[in-house]
Amino acid sequence: TGLGERRHLFSGNVNLSTHIQDVAGVIESENLDDFALIGHSYGGMVITGVADRFASKISHIVYLDAFLPENGTSAFDFIGREGMLRNIEGAADNGGIGVPATPRDPSRVPEEFRHLMGTRGLHPLPTLVENLKLSGDHAKIAKRLYVLCTGDLPTIFVKAYEKTKADPAWKTETLPCGHMLQLEMLDRTAELLTGFIGK
């Protein structure tokens, strides 16, 4: 809600719980079972919250250069003081409720996808502030993958990668690209996902 094709629903009331419920609503209305859940960047916050509610239905969970939260954490906990202040300042210029998208280098993206780089609107500030409440059920999902993009190291996602790489319950991969891996290395990202989840 408030992003992408639902940008028209942007408001100061959109928070992390809203986005978790968005995905939960799809799972419930479509009666999904035995499916893979994948999140990129901030989406790691969302899929962790969703996985905590639907762990028994999820076969695989994948974090693509994403936040890897624990109970009681928010997205702001991962971006550091400077990043937090930069986001708050950006929101101040947008009514106090929206954070501008982080600038990305369009030259890294194939020409046919570059138009997508200009469609990223404001991100609702409350989604970054809300603390995630977890029971721990998300950790019951047996098949877990973390993918780190190494083109701009160091990044705020390195700690998550190191944590998962040290845990035998996780599979980890790296891609030599920037943060927008689904645009910069579409084919390789697809190969990683199909290789992990199955065709």
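**Helix pair**

Start with helix 1 (residues 16-29) and helix 2, which cross in a right-handed way (right-handed if the near helix is turned clockwise from the far one by less than a right angle). Their axes, lines fitted to C-alpha atoms over the stretch in contact, come within 9 Å and cross at roughly 50°. That makes helix 1 oblique to helix 2 (angles under 35 degrees count as roughly parallel, over 145 as roughly antiparallel, 65 to 115 as roughly perpendicular, the rest as oblique).

A word on the ground rules: this is a predicted model, with local features needing pLDDT of at least 70, side-chain atom pairs counting only at pLDDT 80 or more, and totals for chains, interfaces and linings using all residues. Numbering starts from 1 along each chain as its sequence is written, and side-chain values use heavy atoms, leaving out hydrogens and water.

**Strands**

Now select residues 35-40, strand 1 (helices are DSSP runs of H or I with at least four residues, strands are E with at least two). Phe35, Leu37 and Gly39 form its covered face, while Ala36, Ile38 and His40 are on the uncovered one.

**Cysteines**

Which cysteine sulfur is closest to that of Cys149? It belongs to Cys177, 3.9 Å away, too far for a bond. The structure holds zero disulfides (sulfur pairs within 2.5 Å).

Note on methods:
Buried < 20%, exposed > 50% of the residue type's maximum accessible area, 1.4 Å probe, protein only. Axes fitted to C-alpha atoms, helices over the stretch in contact; angles between N-to-C directions.
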